[in-house]
Amino acid sequence: MSNDKVIIAEQLTKRFGHFTAVDGISFDVHKGEIFGFLGANGAGKTTAMRMLSGLSMPSSGKASVAGFDVYRETEKIKQSIGYMSQKFSLYEDLTVKENIRFYAGIYGMTDTFIKDKTGFILKHLHMESEADKLVKSLPLGWKQKLAFSVAVFHEPKIVFLDEPTGGVDPVTRREFWSMIYQAAETGITVFVTTHYMDEAEYCNRVSIMVDGRIDALGTPQQLKRTFNVSSMDEVFLKLARKATRAAD
Amino acid sequence: MRTLKFLLQKEFRQIFRDPSILRIIFVMPMIQLLILPWAADYEVKDINLSVVDHDHSDYSRQLISKITASGYFRLRDYTASCPSALRDIEKDNADLILEIPASFEKQLVKEDAATLFMAVNAINGTKANLGGAYLKSIIQDYNREVRTEWIQFPRFSPETTIEVTSSNWFNPLMNYKYFMVPGILVILVTMVGSFLAALNIVKEKEVGTIEQINVTPVRKYQFILGKLIPFWVLGLLILSIGLLISRVAYGIVPAGSFLTIYVFASVYLLAVLGLGLLVSTFTSTQQQAMLISFFMIMVFILLGGLYTSIDSMPEWAQAITKVNPVSYFIDVMRMVVLKGSSLTDIKYHLLTVLGFAIFFNGWAVFSYRKRS
């Protein structure tokens with residue numbers, strides 16, 4: 001196993017009864033990479049991500065995340081990853097500061113570390129005046145940026161982002177991606193799903209899932225060349241139109 | 001330990017920030033304890049009585065005044081016609097009809113015997129039963145008076161009379177509230193302990209925050225303790241508020257020690273919290289959890305001996321009360337508050353509830369999954 005590979009999946013499969021949500025996917029993700037995980041609704045992206053982050057038990061296949069096995073070492077995986085789900089998952093009835101403190105605390109960060117880094121993050125997000133406001137009072141874009149900051153607060157090796165920019169305005173989306181780049185520069189590997197093809201262009205490599213399988217994998221340039229088109233949008237449409245599975 | 005500290009801190013912040021929970025903690029016990037014991041009263045008073053008097057004699061009038069003087073009856077109608085009294089019953093104006101036949105006095109004096117007729121509206125069984133019994137005992141009393149008046153100085157009474165005097169132990173004045181208030185308090189503690197905890201966890205499922213917790217290194221036992229402890233504290237808080245209210249409003253001071261109550265309540269809360277936890281693992285929306293909880297509390301109350309005596313239930317229902325934790329706590333509360341029972345007296349109850357606690361929590365921990 002190469003040290004450079006932080007996620008390795010081999011024939012990873014998840015079945016719910018007769019339905020195969022994820023059908024034998026294989027791929028590697030390198031350290032510090034921004035890996036785009038694309039696919040239509042219902043293609044199996046979230047299920048695959050849940051298996052990798054230890055939330056869902058794979059039906060078959062092999063996978064390791066941060067060097068730990070997804071069957072046996074999920075608790076060790078959880079210590080090494082950050083996760084931002086499709087659903088907004090900070091506590092709306094806690095303040096910005098309290099949310100940061102809570103999540104940092106349960107990852108075992110020390111009080112001084114929490115205090116210093118909270119100040120740094122709030123400044124960076126320009127949210128110092130909102131520090132003691134309840135999270136439910138924040139606009140969606142701010143919430144998402146805050147949720148990302150919380151997901152990488154404990155400096156995980158990998159961060160999983162499940163459609164982090166859904167419903168967010170274009171300006172905030174730009175800002176969000178600059179945060180992703182900053183995280184990647186510090187060595188955090190970013191595993192991100194998205195529906196926005198402009199965002200796919202920002203990724204180092206992308207995979208496109210169709211009906212539970214990975215139909216294409218490579219850098220955006222490679223994929224465009226292979227499919228002989230000029231944008232990721234067209235690559236995606238070419239592949240996604242083959243899908244037989246109904247969207248959810 | 002540190003993780004647990006953060007979990008508890010978060011939980012308490014959320015609880016005390018939620019106005020509806022605060023209302024449940026402080027307003028609900030006050031309303032329930034201040035209003036319910038007055039309304040949930042077994043004593044039957046104000047029984048509406050219609051008298052049909054065909055005799056109009058001194059004796060019949062004496063009898064009637066004796067009945068009304070008892071304080072249990074309200075004379076609604078005094079007629080000489082049966083159909084009019086029956087109409088009273090039909091219209092629900094009367095619960096009882098007493099018919100005094102025409103030669104009542106004459107027969108009593110001359111033949112030493114007379115008959116009265118009593119008709120009872122039995123729609124409300126308790127009222128009918130008790131009303132009929134009261135009336136009978138008043139008439140018997142009256143009968144005795146008449147006899148002593150007529151049979152002068154008998155050497156031996158021709159009829160053996162057994163006089164029964166009774167003394168009421170533990171609740172000498174038979175104050176109904178002493179019996180109800182501890183029971184209602186138990187229901188309150190149960191509701192807070194189990195259902196608030198269940199709703200709280202299911203809410204995290206609904207909002208999606210539980211998934212975020214599941215993807216952190218928080219251990220299963222830490223998460224569960226983080227949920228159990230706050231509601232355990234809350235339950236004991238409600239119990240204390242309730243004991244204070246029953247002291248201030250009803251002057252109820254437990255005959256036994258507070259220690260006994262709190263020791264039992266601590267174990268009992270573990271059992272009902274386990275039940276709440278179990279409900280939360282088998283439901284995915286607050287609505288489902290509410291409905292299940294509502295169903296359970298109905299069973300708990302009706303088969304817990306709060307309103308009706310367990311001893312007079314059919315055997316199969318008594319068997320159900322054996323697996324109802326509420327029935328144990330109600331029993332213990334009444335034993336400690338009224339009889340002054342000590343920890344050794346309630347040992348059986350304590351051990352049984354401890355068994356429930358282990359069973360429910362064990363099952364809940366077993367079925368709670370961080371991973372699907």
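Q: In H1(A), which residues are buried?
A: In this predicted model, helix H1 covers residues 45–52 of chain A; helices (H or I, at least four residues) and strands (E, at least two) are DSSP runs, numbered from the N terminus. A residue is buried if 20 or more other C-beta atoms lie within 10 Å of its own, exposed if 12 or fewer, and partly exposed in between, with C-beta atoms placed from the backbone. By this criterion, eight of the eight residues of H1(A) are buried, and the helix is mostly covered. They are A:Lys45, A:Thr46, A:Thr47, A:Ala48, A:Met49, A:Arg50, A:Met51 and A:Leu52.

Q: What pLDDT do local features need in this predicted model?
A: Residues are numbered from 1 along each chain as its sequence is written, while chains are lettered from A and ligands numbered from 1 in the order in which they are written. In this predicted model, totals for chains, interfaces and linings use all residues, side-chain atom pairs count only at pLDDT 80 or more, and local features need a pLDDT of at least 70.

Q: Which residues touch the most other members of the largest nonpolar core?
A: A nonpolar core is a set of buried Ala, Val, Leu, Ile, Met, Phe, Trp, Tyr and Cys residues joined through C-beta atoms within 7 Å. The largest one has 76 residues, and those that touch the most other members are A:Leu52, A:Val159, A:Phe160, A:Val190 and A:Phe191.

Q: With which residues is A:Leu52 in contact, leaving aside its neighbours within four places in sequence?
A: Two residues are in contact if their C-beta atoms, placed from the backbone, lie within 7 Å. Helix H1(A) contains A:Leu52 among its buried residues. Beyond four places in sequence, its contacts are A:Ile7, A:Ala63, A:Val65, A:Val70 and A:Phe160.

Q: Which residue in the hairpin of E1(A) and E2(A) takes a positive phi?
A: E1(A) and E2(A) are joined in the antiparallel sense by eight bridges, and the bridge partner of A:Arg15 in E2(A) is A:Thr20. Two residues lie between the strands of this hairpin, and a positive phi near 65 degrees is taken by A:Gly17.

Q: What separates the C-alpha atoms of A:Ala184 and A:Lys31?
A: A:Ala184 is found in helix H6 (residues 170–185) of chain A and counts as partly exposed, with 17 C-beta neighbours inside 10 Å. Apart from neighbours within four places in sequence, A:Ala184 has contacts with A:Gly32, A:Ile34 and A:Val190. Although A:Ala184 and A:Lys31 are 153 residues apart along the chain, the separation of their C-alpha atoms is 9.0 Å.

Q: Is A:Asn228 buried or exposed?
A: The loop between helix H8 (220–227) and helix H9 (232–240) of chain A holds A:Asn228. This residue has a positive phi of about 55 degrees although it is not a glycine. With 9 other C-beta atoms within 10 Å, A:Asn228 is exposed.

Q: Which strand of chain B is joined to E1(B) by six bridges?
A: Six of the seven residues of strand E1 (residues 47–53) of chain B are buried, so this strand is largely enclosed by the rest of the structure. Five bridges join E1(B) to the parallel strand E3 (residues 96–100), where B:Leu98 is the bridge partner of B:Val51. Six bridges join E1(B) to another parallel strand of chain B, E2.

Q: How far apart do the C-alpha centres of domain 1 and domain 2 of chain B lie?
A: Domain bounds come from an automatic or database domain assignment, which for chain B gives domain 1 (2–40 + 173–367) and domain 2 (47–150). The distance between their C-alpha centres is 49 Å.

Q: How many residues does the contact between the chains take from chain B?
A: The contact takes 22 residues from chain A, and helix H2 (74–80) and helix H3 (96–106) of chain A each supply at least two residues of that side. The number taken from chain B is 20.

Note on methods. Two strands pair if DSSP finds at least two bridges between them.
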